[in-house]
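Colleague: Hi! Could you walk me through this model? I'm still new to reading structures.

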Amino acid sequence: MIDYHMHTYFSDGKNSHQEMLTSAAYKGLSEIGFSDHICLKPVGWATKLEAIPAMRNRIISIKEDESTPISVKFGAEVDYIPGLTKEIGALITSLPLDYCIGSVHFIDDWNFDTDITPYDGIDIDAFYNRYFALVEESAKSGLFDIIGHADLAKKFAYYPSFDLNPYYEHAAKVFKEADVVVEVNTSGRIKPCKEFYPSAQFVNALVKHRVPLTLGSDAHVEQNVGQFFADAINELRALGVKELVRFTNRKREFYRID
Ligand SMILES: [Zn+2]
Ligand SMILES: [Zn+2]
């Protein structure tokens, strides 16, 4: 099992790289990728831009250390911000990444996955429309290898009045055409929405359109590394998924889960 989404104290995680790695090895994972936040908006939860070289050096030294018990990859979770795509692209290509997760955490200046106050006063239908448009745009930008938590809009369990299945269908087609991988992110289960990102129906649409998948816990503390992976793999097998994707130097390769 491979976990490609976790944070250390370089961004908003609570543990060091070594502690996350030790937890992963203890839980029997065969490979992990560190994916600390990189965000070109000034936020408290992302890696400070001046700390990025230290983060890079830390990961490279772990990768090169022969006593490292499992395979380690250098990933990043980078915010998609329309209007800053050039700058984001330059930053991504300046790092020796194995993969880059693109995530939408903002609608304009609203950080909708940390700031819950606006939800009661807004048009939730319009919010979902805007959210899905941004996620599709992030895929089409060509900046990212993996689309992070592709239905994060549901995090606080606010739902639109309309059926989301056509949105899943549309997004799955866009992802396939853009040739991106989508992550199954298990952290949603401990959030108010109480289910993985993307939902089972959304994963169904992705499988139908043959969009490749990765698996990530989005752990911010060591004990959550690989959280609910057995359940996630059972659900994916039930949907007919036989293989997931791993990355080296931003090149993908499939591994079997059946
Ligand atoms: Zn995220
Ligand atoms: Zn994350």
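Modeller: Happy to; we can go through the metal site, then the strands, then a pair of helices. Keep in mind that this is a predicted model.

Colleague: Great, metal first. Which residues are the protein donors of the zinc ion (ligand 1)?

Modeller: They are E77, through OE, and H105 and H149, each through NE2. These donors lie 2.1 to 2.2 Å from the zinc ion (ligand 1). Along the chain, their spacing reads E-x27-H-x43-H.

Colleague: And the other zinc, ligand 2: how far apart are the two ions?

Modeller: The zinc ion (ligand 1) and the zinc ion (ligand 2) are 3.5 Å apart. E77 coordinates both of them.

Colleague: Where in the chain do H105 and H149 sit?

Modeller: H105 is in the loop between β5 (99-103) and β6 (106-107). H149 is in the loop between β8 (146-147) and α5 (165-178). They are 44 residues apart, so the pair links distant parts of the chain.

Colleague: Is that H105 buried or exposed?

Modeller: Buried: its relative accessible area is 2%, and the cut-off for buried is under 20%. H149 counts as buried too, at 2% relative accessibility.

Colleague: OK, on to strands. How many residues of β5 are buried?

Modeller: Five of the five, so β5 is largely enclosed by the rest of the structure. Y99, I101 and S103 point one way from β5, while C100 and G102 point the other way.

Colleague: Nice. Which way does β5 pair with β4?

Modeller: β4 and β5 pair in the parallel sense, over five bridges. One example is V78, whose bridge partner in β5 is G102. To get from β4 to β5, the chain crosses through helix α3 (residues 85-93), and this β-α-β crossover is right-handed.

Colleague: What about β5 and β8, how many bridges there?

Modeller: Two, again in the parallel sense. G102 turns up here as well, standing opposite I147 in β8.

Colleague: Let's go to β2. Which residues point which way there?

Modeller: E31 and G33 point one way from strand β2 (residues 31-34), and I32 and F34 point the other way. All of these are buried.

Colleague: What are the partners of β2?

Modeller: Strand β1 (residues 2-3) is joined to β2 by two bridges, and the two run parallel. Strand β4 (residues 71-79) also pairs with β2 in the parallel sense, over four bridges. E31 shows up in both pairings: I2 stands opposite E31, and E31 stands opposite S71 in β4.

Colleague: What kind of unit do β1, helix α1 and β2 make?

Modeller: A right-handed β-α-β unit, with α1 covering residues 17-26.

Colleague: And S16, where is that?

Modeller: S16 is found in the loop between β1 and α1. With a relative accessible area of 12%, S16 is buried. Leaving out residues up to four places away in sequence, S16 touches T8 and Y9.

Colleague: Last topic, helices. At what angle do α5 and α6 pack?

Modeller: At about 35°, with their axes 9 Å apart; α6 covers residues 200-208. Their crossing is right-handed.

Colleague: Which residues meet there?

Modeller: From α5 there are N165, Y168, E169, A171, A172 and F175. They meet Q201, F202, A205, L206 and K208 in α6.

Technical notes
Residues numbered from 1 in each chain as written. Chains lettered and ligands numbered in written order. Predicted model: local features only at pLDDT ≥ 70, side-chain atom pairs only at ≥ 80, totals over all residues. Heavy atoms only, no water. Donors = N, O, S within 2.8 Å, 3.2 Å for Na, K, Ca; no water. Buried < 20%, exposed > 50% of the residue type's maximum accessible area, 1.4 Å probe, protein only. Pairing = 2+ DSSP bridges. Right-handed = clockwise from strand over helix to strand, strands pointing away. Axes fitted to C-alpha atoms, helices over the stretch in contact; angles between N-to-C directions. Left-handed = near helix turned anticlockwise from the far one by under 90°. Contact = heavy atoms within 4.5 Å.
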